[in-house]
Amino acid sequence: MAKITDQMFGPLTFDANNYGTALLDTENACFLCEDTFNIKLRIDIFLAHIFDVHKCVIEDVQNIKNLPGYISYWRDRFKAVPIEQIVPSVQIQGTGDQYFLLSSLLKEDQQLRHKLILDFVMKEHEFERTDECFSRQCLFCKLQFEGSRQGYLEHLSEQHNLQLGNPQNLVFIEELINVIDQQLQSLNCIYCKGAFPDRAILKEHMRKKLHKRINPADSQYDKFYIVNYLEVGKSWRAIEKEDDRYALPAGCEENGDQEYSDWNENADQIICLFCDHTETDINVLCTHMNVEHDFDIMESTQALDFYQKIKLVNFIRKMVHSFMCPYCAIALESKSELYLHLREAKHYKIPEVKVFDQPEFYFPTYENDSFLYLIDDVED
């Protein structure tokens, strides 16, 4: 294992009130021994333990979402494979001591941290999407709004022309509103950050300059948009610059561009999960899938929550696009061979939940997939 030479360091400590993670009030076992610790109350004791006893350091531990889940993952891994074979060691100058550094430089650790962050963000998004107990005074008028966060944002948009983006793409909405409120209270424009002598002049500036919106170049607001959690260490700016975001799978070069073009042309249509059939009504399309493919989406997804349904649709889209059976994962040579296999093998059904219940399927395989927007509108 590669060794890194560095200066002396020690375990990190910080104020538990600033931890910012939903932790459990239960004891958590160390990932290298049977000692247990209350991570919420005394994380400093845990960090000192792994440093002094196991010569192990966790980088940026204060930024790990769901630290108990992080510890549990590595505990299972170290039971199967010794830490020496997974984690790089750091050599301390002057002492010769070796310390193991769990950091995002280790690809497995980086992916784990990203998954925990993504899970944390999507749970918060689901809560904000369904909670109806939100209450707050409007930023621009005397209305004391009560209801959903989406309703509050719609009021700001429709009544005051404040454009923050699609509420379905936003997360940590209360914090976002607080940031904007603070800017307005400080008499600063939320778009150009210009300072003004009074509220009336500020409002007139924002109205005339069309500055009642967030500046996309301002990274301060990145944390409030789900797209920025899509890939490890990448914001929407980096993703937008990548030309191969919708790269075709091997063997699809000949007709893939045409298929993707066809998809975009039919963006207003709802496309079947298993064939090219389209409808403008989600329930009519579901009837088609029931009759033609013997696939009852209500019955097949009744045990799934909203986000599992989303991930299922994105999983099936990706598999079908890659000419792979969503149920048995067999790879075919063409779309026609895939359709023949699905029909003859009667594989118009979904695999085990763990197959598609993965963070990568939170996000659409195709842009403007109308099925995703209407999945909750399916009637029995």
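Is aspartate 357 buried, partly exposed or exposed? I looked this up in the model, which is predicted. Aspartate 357 is partly exposed, because its relative accessible area is 26%, and that class lies between the limits of 20% and 50%.

Entry on lysine 311. I found that aspartate 357 forms a salt bridge with lysine 311, with 2.2 Å between the closest N and O atoms. Lysine 311 belongs to helix 11 (residues 306-321), while aspartate 357 sits in the loop between helix 13 (353-356) and helix 14 (370-374), so the pair ties together parts that are 46 residues apart in sequence. Lysine 311 counts as buried, because its relative accessibility is 5%.

Entry on arginine 317. I noted a salt bridge from arginine 317 to aspartate 369, the closest N and O atoms being 2.9 Å apart. This pair links distant parts of the chain, with arginine 317 in helix 11 and aspartate 369 in the loop between helix 13 and helix 14, 52 residues apart. Arginine 317 is buried at 3% relative accessibility, and aspartate 369 is buried at 2%.

Entry on aspartate 44. I saw that it pairs with arginine 42 in a salt bridge, with closest N and O atoms 2.8 Å apart. Aspartate 44 is partly exposed at 26% relative accessibility, and arginine 42 is partly exposed at 42%.

Entry on asparagine 228. I located asparagine 228 in the loop between helix 6 (199-208) and helix 7 (236-241). Its side chain reaches the backbone oxygen of aspartate 222 at 2.7 Å. Asparagine 228 counts as buried, because its relative accessibility is 12%.

Note on methods
Residues numbered from 1 in each chain as written. Predicted model: local features only at pLDDT ≥ 70, side-chain atom pairs only at ≥ 80, totals over all residues. Heavy atoms only, no water. Helix = DSSP H or I, 4+ residues; strand = E, 2+ residues; numbered from the N terminus. Buried < 20%, exposed > 50% of the residue type's maximum accessible area, 1.4 Å probe, protein only. Polar contact = N/O pair within 3.5 Å; in protein donor to acceptor, adjacent residues only side chain to side chain. Salt bridge = Lys/Arg side-chain N within 4 Å of Asp/Glu carboxyl O.
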